[in-house]
Amino acid sequence: MTFSATDLTTLEKHLAAHTYLSGTDKPAKVDADIANELKEKKVTLNAATHPNVYAWFSFIGLFTPEAQKTWADVTPVHVPAATQAPKKEAKKETKSEEVDLFGDDDEEDAEAEALREKKRLEAVAAKEARDGKKKKAIAKTILVFNVKVFEAEQDLDVLAKKIYDTIQLEGLVWNKEHKKIPVAFGMFMLQMGCIVEDEKVNTDDIFEPIQSWEEEVQSVDIETMQKL
Amino acid sequence: MITKQHLSVAVFGDVDSGKSTTCGHLVFKLGEVDQRKIDELKALAEKEGKSSFGFAYVMDRTKAERSRGITIDVTMLKFNTNKYNYTIIDTPGHKDFVKNMITGTAQADVGILIVTAEKGGFEAGFCQGGQTKEHVLLAYTLGLRQIIVCVNKMDDKLVNFSEERYENIKSEVSLYLQKIGFNLKNVQFIPISGYHGHNLTEKSDCMPWYKGNTVLEALDSVTPPVRPIEKDLRVPIQGIYKVDGIGIVVSGRVESGILQTNKSICFAPFEGKTKSKLEVRSIEAHHAKLSEGMPGDNIGFNVKNLEYKDISKGAVCGYVGERAPRECESFEAQVIVINHPGSIKKGYCPVVNVHQASVSCEFEEILRKIDRKTGASIEENPSFIKNGECALVKFRPKKAVCVETFANNAPLGRFIIRDMKVVVAIGIIKSVNYK
């Protein structure tokens, strides 16, 4: 696929389905080139008519020219929109369910409610047009947990290494700086940390395999969970 | 030296509310930030040609560092004031966080709810409901009563420190909090800018119409939690260890009462055959010998006459006598279904996580559907319950477990119900039938 800074319609269409022009999850040389071309030609971008181009352009502008130079020169791929669309819809569904769950009980009269709803929708639309790019940010959580073993003699470094080596998941990054926290009477527990992507990793995906080593581990408990 | 009391603060807010920025700014202003680190960053900022060095730069740098994989230490946001030592929990959007809120050891003493004043931002975030509201509701159910509402981004161009916008948002949020059950006397509202620091630690000149507390003053004015020293001793057991030359050591957090040496203790449920007299020989925390264990202390203690197989994780330790912890036959609890694909009927038997225990429990009877806030009955003996509904349910554990009522001992009286790795429902125990 090729792009040009003058054909905003094609750009808009492509960016509606992809984060970057590269079509992958990383920006590429083509992103930098087109963005710079837009900048040089001083093309005015309208957030209302081309929201995705607008968001992408503002985002690419956040990188320094040095950083942009490091981006790979790849041929942009176009994944048909159909493969991505269902994902978005599924998300919306869960959201509306949540609204039902903990939404307000309808005590006010319908008229006021309707007016408020209308106002809200208008405001939301304006907001979405303004900063669509934020939606693309991946939510991550810092997880710190304690692994308790049976005996003081157990080598916690060996256990930690085993955990790093065995548990490798997409969306999980180990901090690889585990600590030994004293419990009492010469006993230590292993404290480890990692960063997980909210959508991809369940805490059980990490803990269940560790707890299944019944000879070595008696329990795993979360110390803290914190937004990154 | 008198040690300052510790307060844990849970910060709730939607992705776009500026929650992390505000948390970061508070810690930046009040935390023990390493001066060397600051100088280092300052030099770096100059080298990159950034003239204005400040909080925003630090925030961006540390965030980039954090996502690359970081040391465990910096994951805890801490700061001190003249009155308290604070730990901030920046609540994540991860779905497993709900589990941690209930069975985790860190319970929030005070909540900060951050909503954005941005035009459209507030409407899209808070009004639309979703996770933030769910977290606040759960926190209330778990006993959180004090909350500070920060109306953020007052510096936004379209908001421009408008008192009218602030008042509008204040009334909307008040309405919601009141509906959950909060007493507005315990709710403080503050207009802030987390990015520029307005009304965080110092009064802002941009909002002369606001006469109330800064966030810092609001935090220092909360009523500290009462440590349940007077109550019966309860220590849910986290781990059991064999230590050479010492014997059996058990570890756990003292939830109520005071654990002392040379007193007769017992465990419930107890799987040992003969109940020989058990006694606490010594207590330690972090390798230091203690004379006693107070509520909130994480301790390990050595028990005389205890066999390794007598107890398992999730047992509860207390003193022998009339008010000893006991195994339960069944219990009645108020349950809120938060995430179940279908309907829950009598006979459903999922896993219940309560304190350190994890036990399958059967829904023996669904007694009545109730109004979450008033507790009034909506329907007697419903045939099923579904998402969003609240009900009084009689549970029968399939394995021995020790629980208490939420009113009597909250940490032993709240639980989550899990099925297929998801938190299906949460509950608090209203009454217990002992064996």
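In this predicted model, the axes of helix 1 (residues 8-17) of chain A and helix 3 (residues 51-60) of chain A come within 8 Å and cross at roughly 80 degrees. The two helices are therefore roughly perpendicular to each other, since angles of 65 to 115 degrees fall in that class. On the side of helix 1 of chain A, the contact is built from L8(A), L11(A), E12(A), L15(A) and A16(A). Helix 3 of chain A answers with P51(A), N52(A), V53(A) and W56(A). Sorted by class, the residues of this contact comprise 7 nonpolar, 1 polar and 1 charged.

Helix 3 of chain A also packs on helix 2 (residues 29-40) of chain A, at an angle of about 100 degrees and with the axes 10 Å apart. That angle makes helix 2 of chain A roughly perpendicular to helix 3 of chain A. Here D31(A), I34(A), A35(A), L38(A) and K39(A) of helix 2 of chain A meet W56(A), F57(A) and I60(A) of helix 3 of chain A. This contact has 6 nonpolar and 2 charged residues, with no polar ones.

Turning to chain B, the model shows 9 helices and 24 strands. Of its 435 residues, 54% count as buried. The accessible surface of chain B comes to about 19400 Å², and carbon and sulfur atoms account for 49% of that area. Among contacts in chain B between residues at least 6 apart in sequence, 71% link residues at least 24 apart.

Within chain B, strand 19 (residues 357-370) is a handy place to start looking at the strand pairing. Strand 18 (residues 351-354) of chain B pairs with strand 19 of chain B in the antiparallel sense over 4 bridges, and V354(B) stands opposite A357(B). These two strands form a hairpin with 2 residues between them. In the turn, H355(B) has a positive phi of about 35 degrees.

Strand 19 of chain B is also joined by 7 bridges to strand 22 (residues 390-397) of chain B, and the two run antiparallel. In this pairing, E365(B) has K394(B) of strand 22 of chain B as its bridge partner. A further 3 bridges connect strand 19 of chain B to strand 20 (residues 377-380) of chain B, again in an antiparallel arrangement. There, I370(B) lies opposite S377(B) of strand 20 of chain B.

Conventions: Residues numbered from 1 in each chain as written. Chains lettered and ligands numbered in written order. Predicted model: local features only at pLDDT ≥ 70, side-chain atom pairs only at ≥ 80, totals over all residues. Heavy atoms only, no water. Axes fitted to C-alpha atoms, helices over the stretch in contact; angles between N-to-C directions. Parallel < 35°, antiparallel > 145°, perpendicular 65-115°, else oblique. Contact = heavy atoms within 4.5 Å. Nonpolar A, V, L, I, M, F, W, Y, C, P; charged D, E, K, R; others polar. Pairing = 2+ DSSP bridges. Buried < 20%, exposed > 50% of the residue type's maximum accessible area, 1.4 Å probe, protein only. Areas by Shrake-Rupley, 256 points an atom, 1.4 Å probe, with all protein chains shown as cover.
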